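Try each task on your own, then compare with the worked solution.

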Amino acid sequence: YTPVLSGTNGGGSAGGRGGSIIRIVALELEMDGQLSANGQSVSSGHGGGGSGGSIWVTAQDILKGSGSLHARGGDGGSTASGGGSGGRIALLTAGVNIFHGKYHATGGSGPGGAGGAGSIFLQHTDNNKVTDVLVIDNGNRQEDIYFTLNEGQDTEFQELHLNNMVKFDIPTDNQARRLNIHKLIGDGSALLHVHANQTYLVDQDGEQNETTSKIPANIKID
């Protein structure tokens with residue numbers, strides 16, 4: 001999960017610029033400020049907001065601080081202009097992780113509709129044990145825009161967080177796909193959409209092929 005693309009410019013004659021690319025690699029890293037790869041908002045004129053860019057941070061020994069990482073979509077301008085989609089944030093750590101900051105990758109707003117949610121990926125390696133966490137937050141945008149996860153045919157996360165009315169699925173391309181979510185966390189407002197030829201394993205207990213806890217999301221099965 002390696003975000004390396006800049007955001008795209010918003011549509012229209014005065015669309016906002018897409019967010020930038022930020023890449024940081026360090027042995028020890030303290031973040032107390034703000035990293036921003038936001039898409040540009042349009043304050044006036046006819047243009048959509050730019051989409052968020054990419055932030056990819058790797059701290060190999062120590063990560064600490066209380067800063068914030070932003071890859072939001074920009075807001076659209078007047079009339080039918082829409083907001084840009086959120087960007088991608090990835091934070092990879094090993095050893096000591098005492099970072100207490102915040103992450104933001106929601107889409108922008110606009111008269112023509114809100115942009116889709118971006119993603120936040122957190123990976124921590126400790127004594128060769130890798131924990132992968134994916135966070136998707138739609139910011140309560142009531143739009144019929146899906147976050148589609150396209151990271152291969154067999155994908156696994158220790159935790160998947162779905163919040164604030166996000167709609168989540170994986171590609172519908174007639175390939176057999178499998179998503180293994182060890183723990184699903186959310187506020188109960190999200191939609192988990194399972195298409196044909198797809199397998200979702202959620203909150204498995206490791207011994208029986210059955211769920212063992214209440215799933216905090218709505219489920220739609222084609």
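**Exercise 1.** How many nonpolar, polar and charged residues does the lining of the largest pocket have?

*Solution.* First, some ground rules. This is a predicted model, where local features need pLDDT of at least 70, side-chain atom pairs count only at pLDDT 80 or more, and totals for chains, interfaces and linings use all residues. Residues are numbered from 1 along each chain as its sequence is written, and side-chain values use heavy atoms, with hydrogens and water left out.

Next, the pocket itself has a volume of about 310 Å³. Of its 23 lining residues, Leu 5, Gly 52, Gly 86, Gly 87 and Arg 88 are the closest to the centre. (On a 1 Å grid over the protein atoms alone, a pocket is an open set of points where a 1.4 Å probe fits, with protein on both sides within 12 Å along at least five of seven lines; lining residues have an atom within 4 Å of a point.)

Now sort the lining by class: 7 residues are nonpolar, 14 polar and 2 charged. Gly counts as polar here.

**Exercise 2.** Which strand gives the most to the lining of the second largest pocket?

*Solution.* Start with the volume, about 160 Å³. The lining includes Leu 91, Phe 99, Tyr 103, His 124 and Val 133. Then look at the strands (DSSP runs of E, at least two residues, numbered from the N terminus). Strand 5 (88-94), strand 6 (96-99), strand 8 (119-126) and strand 9 (129-137) each supply at least two lining residues. Strand 8 gives the most, with 3 residues. By class, this lining has 5 nonpolar, 5 polar and no charged residues.

**Exercise 3.** What is the strand order in the open sheet of 3 strands?

*Solution.* Follow the pairing (two strands pair if DSSP finds at least two bridges between them). The order is 2-4-7, and the pairing is parallel. Strand 2 (34-36) and strand 7 (102-104) are the edge strands, each pairing on one side only. Strand 2 meets strand 4 (residues 68-70) over 3 bridges, with Gln 34 standing opposite Ser 68.

**Exercise 4.** How many helices and strands are there in the protein?

*Solution.* Count them through and you get 0 helices and 16 strands. For the overall dimensions, the C-alpha trace spans about 60 × 45 × 30 Å along its principal axes. Finally, 45% of the 222 residues count as buried (under 20% relative accessible area, with a 1.4 Å probe and protein chains only).

Note on methods:
Points joined across faces, edges and corners; volume = space filled by probe spheres on them. Helix = DSSP H or I, 4+ residues; strand = E, 2+ residues; numbered from the N terminus. Buried < 20%, exposed > 50% of the residue type's maximum accessible area, 1.4 Å probe, protein only.
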